[in-house]
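Visitor: Please take one part of this protein and go through it closely. I would like to hear about the charged side-chain pairs.

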Amino acid sequence: MTTSAPTPLPSPSPSPPWALLAELTHGCPLHCPYCSNPLELVRRSRELSAEEWGDVLRQAADLGVVHTHLSGGEPLLRPDLAAIVAAADSAGIYTQLVTSGVGLSAPRLSALVSAGLRSVQLSVQHADPASSDRIAGKRSFAAKERAAALVREAGLPLGLNVVLHRDNLDAVDAVVDLGVAWGADRIELANTQFYGWALRNRTALLPTRDQLSRARDAVERRREQLAGTIELVWVVPDYFDGVPKPCMGGWGAVSLTVAPDGGVLPCPAAGGLPDLDVPNVRDRPLEWIWNSSPAFNRYRGTEWMSEPCRGCPRRETDFGGCRCQAHALTGEAARTDPACALSPDHTLLRAVAETPRSGTTPYVYRGPGPRTPRSSRTV
């Protein structure tokens, strides 16, 4: 199927963004098979400098951004991370570090806090150390446990981010117990979104409907038990529910992503869409990119939609679903997201979701070369 894309239509000035995902690097010590980074990772030599990031953050603040996730890859691989945190803080932007925890030490965290770091989100693969290391493609559970303790000792809010899939959905209760033990304030239980490396590993990662049902019930039960103590967030699995998610709150609606090389995207996965003509902060001001660039206006709002989205009462709620998922499943980014039960392509997704799954399937680990831990060759 060939890719088609609508011509961007003139539109009124969009509301300003409030959130920025700053992907400081694609370098990472882990090799998670569900990583949303693109298959072609940005080389370290092409990354924005700390000075360039400082300029991006000042422009973002002028545009209206008040919150940034400092992410990657692994942002701790940037020796100039404290300078980037300080630039965001001086611009008046709230900073959250999104990290694997590998490489976080007390002196490093102290420097980041002094620079203005406000909170930390720690990735967790599983509550069982061996399973966690296997999924991450590297022995890292102990480093995560140490990182969580350091964050709590520093008095920062701690969130855990857990990407859920076939190999850890049955451990949701144990993951929540882990968050309680580590002193987390918030646990985000995010069912895998199939882009980048996750799409390549879909056969290995896709759960069963029964697994999802059990996990959802467990989350509701734990929410009742932990009410008022820990926030539990359940990110729905749109391969199964028949209702598409409003990706990023709508294309170019509330947030933007700046990639390590300065490319600016409406969402982290949008760089994989063909013919998007991704703008770059090295070439254009962020204000022009947000308000006027063809890339940000292509699927903004609802005027670009065709049926069944155009006449759907949910069009202002889900905005036709995810453009990246529509492209991944149909070859056309402008089509209704097949996650929607009303999509003419919904049978494509249902065929994948309902395929019987049993046994184990090897991961293709993120990054170049084999990354399978010596202790486990299959998952």
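**Salt bridges**

Guide: Arg314 has a relative accessibility of 34% and therefore counts as partly exposed. This is a predicted model, and every value here is computed from it. The side chain of Arg314 meets that of Asp318 in a salt bridge, with 3.2 Å from N to O. Asp318, at a relative accessible area of 6%, is buried, since the cut-off for buried is under 20%.

Arg221 forms a salt bridge with Asp173, and their closest N and O atoms are 2.7 Å apart. Arg221 belongs to helix 9 (residues 209-226) and Asp173 to helix 6 (residues 172-182), so this pair ties together parts that are 48 residues apart in sequence. Arg221 is partly exposed at 37% relative accessibility, and Asp173 is partly exposed as well, with a relative accessible area of 26%.

The other pair is Arg186 and Glu231, whose side chains meet in a salt bridge at 3.4 Å, N to O. Here the link is between distant parts of the chain, with Arg186 in strand 6 (residues 186-191) and Glu231 in strand 7 (residues 231-235), 45 residues apart. Arg186 has a relative accessible area of 28% and is partly exposed; Glu231, with 44%, is also partly exposed.

With a side-chain nitrogen of Lys or Arg within 4 Å of a carboxyl oxygen of Asp or Glu as the rule, the count comes to 16 salt bridges.

Definitions and conventions. Residues are numbered from 1 along each chain as its sequence is written. This is a predicted model: local features need pLDDT of at least 70, side-chain atom pairs count only at pLDDT 80 or more; totals for chains, interfaces and linings use all residues. Side-chain values use heavy atoms; hydrogens and water are left out. Helices (H or I, at least four residues) and strands (E, at least two) are DSSP runs, numbered from the N terminus. Buried means under 20% relative accessible area, exposed over 50%, partly exposed in between (1.4 Å probe, protein chains only).
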